[in-house]
Protein chains: 2
Amino acid sequence: MIAMIPARLGSKRISKKNIRYMIDKPLIQYPIELAVNSGLFESILVNSESEELGRVAETMGAKFHKRPPELATDTATNRDFTYEFCKKHACDYVIMVNPTSPLLKAETLANFVKFVEISDYDTVLSTISVQAESFYKGEPLNFTFAEKINSQLLEPVDEVIWAITAWRRDKFIENQENGVNPVFGGKVGYFAIPKDESCDLDTLEEWRIAEGILLSRINKQQERYLNL
Amino acid sequence: MIAMIPARLGSKRISKKNIRYMIDKPLIQYPIELAVNSGLFESILVNSESEELGRVAETMGAKFHKRPPELATDTATNRDFTYEFCKKHACDYVIMVNPTSPLLKAETLANFVKFVEISDYDTVLSTISVQAESFYKGEPLNFTFAEKINSQLLEPVDEVIWAITAWRRDKFIENQENGVNPVFGGKVGYFAIPKDESCDLDTLEEWRIAEGILLSRINKQQERYLNL
């Protein structure tokens, strides 16, 4: 298994997200340390168009896969840059670890990889499993208006979060070359990760929230009660 | 409109949650201040079995609705205690503001109330609207494996979060007395609130995350970049 960490130097809404410090280290350092410390991968590669970012990644223990600049534009797709990566690196599975998931814990990555190993999927997506009364197209999806049941009994909705994704390399290449969408290629499975390890980093508010969550893991507020 | 803030003194997983300090004030103070400062309600009542909690709520600017003890057990339902409340307080709508939503902002509460006023629903639920590839019962719900589309183009799933709920009082009473579930009674609408104003408070980890998010609104980390 190879870990691929996609990391452009440019980013749209938050400028230079991957080298911006989240608390005490640049964002890109989170997935690199996670992958390196896991001991799960033959190889850990940062997939970037930027030589500078590549050199930084190397100081943090990753290798550098230089992505052609035309696959690092705002319109370049995951499909295309992952295909180019797969062609260059022989392996059974490519595990994409997204830098925008700094909340991901070591145990969760290990569980995900184990799931990929023991199952027989060509694609494994990471999801969060949500048990809540849900509407879809304006209609109740997993509940009825006739009764209110305990949310723990509701059928969950599993939402893909793209924190970690596994692709069987040969299948990915084969699909791409046959004009079939390889991102959801072959036999598709999904694996739920804890909700509090998922975050978005599209806006500065989301960035601060992720920082707040990380800080809350370190600095626990003292337990205090109102005196009644 | 009347605001009802349900708050038992006991709580299952986090002990005495409502009087536990979240950062600098007890949890119950968040919804009370939110409702009081909004100026939107004729009356703001904390619905509790506890006289002590009631007195505290009064010092914070709310009134106290004493709930019969049999409606404050672990098995008592929202349906039953809200019915008992409705019978005692004449109004057009009861707006339930949940103490487990300390992240809720004033603007969001105001937008919700405005939506209730201008629409003609008997029940209005609060939701978060999620645009992500979603699986339901193991099958893709709002996407197909044939293509990967931009998540902003995906049909959202709207998840009920119970942060704020509005019920037309007369309809609620009528439904309950006719053996119809009043929680989703009459014409049911829903209103999406920002995702970062929603949280769970069932576990200590979730509690700390909410604290982290609140702290991140106050103490912004300094913006800092890696020097490439």
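Which residues does Ile95(B) touch, not counting residues up to four places away in sequence? Keep that in mind as you open the model, which is predicted: local features need pLDDT of at least 70, side-chain atom pairs count only at pLDDT 80 or more, and totals for chains, interfaces and linings use all residues. Residues are numbered from 1 along each chain as its sequence is written, while chains are lettered from A and ligands numbered from 1 in the order in which they are written.

**Stop 1: the core**

Select Ile95(B) and look around it. Its partners are Met1(B), Ile2(B), Ala3(B), Met4(B), Val113(B), Ile164(B) and Ala166(B); contact here is C-beta atoms, placed from the backbone, lying within 7 Å. Ile95(B) is among the residues that touch the most other members of the 118-residue largest nonpolar core, together with Ala3(A), Ile95(A), Ala3(B) and Ile5(B). Such a core is a set of buried Ala, Val, Leu, Ile, Met, Phe, Trp, Tyr and Cys residues joined through C-beta atoms within 7 Å. Buried residues have 20 or more other C-beta atoms within 10 Å of their own.

**Stop 2: strand S4 of chain B**

Next, select residues 43-48 of chain B. Five of the six residues in this strand are buried, so S4(B) is largely enclosed by the rest of the structure. Strands are DSSP runs (E, at least two residues) and helices are runs of H or I of at least four, numbered from the N terminus. S4(B) is joined by five bridges to S1(B), residues 2-6, and the two run parallel; two strands pair if DSSP finds at least two bridges between them. Ala3(B), which you met in the core, stands opposite Ile44(B). Four bridges, again parallel, link S4(B) to S5(B), residues 63-66, where Phe64(B) is the bridge partner of Val46(B).

**Stop 3: Trp167(B)**

Now pick Trp167(B), in strand S10 of chain B. Trp167(B) is buried, with 28 other C-beta atoms within 10 Å. Beyond its neighbours within four places in sequence, Trp167(B) is in contact with Thr82(B), Tyr93(B), Val94(B), Thr123(B) and Phe172(B).

**Stop 4: where the chains meet**

Show both chains. Here 49 residues of chain B are in contact with 48 residues of chain A. Helix H6(B), residues 204-218, gives the largest share of the chain B side, nine residues. That side divides into 25 nonpolar, six polar and 18 charged residues. For this count, Ala, Val, Leu, Ile, Met, Phe, Trp, Tyr, Cys and Pro are nonpolar, Asp, Glu, Lys and Arg charged, and the others, Gly among them, polar.

Colour S10(A), residues 157-168, and S8(B): three bridges join these antiparallel strands, with Val157(A) partnered by Tyr136(B).

Then zoom in on H6(B). Its buried residues include Trp207(B), Ile213(B) and Leu214(B), and what covers the buried set includes helix H6 of chain A and strand S2 of chain B.

**Stop 5: the axis**

Finally, superpose chain B on chain A: a rotation of 180° with 0.0 Å of shift along its axis does it, at RMSD 0.0 Å, fitting by least squares the C-alpha atoms of residues with pLDDT of at least 70 in both copies. The two copies are thus related as by a two-fold rotation axis. Gly212(B) has the C-alpha nearest the axis in chain B, 2.1 Å from it. The same surface serves both copies, with 98% of the contact residues of chain B recurring in chain A.

Definitions and conventions: Contact = placed C-beta atoms within 7 Å. Buried ≥ 20, exposed ≤ 12 C-beta atoms within 10 Å, placed from the backbone.
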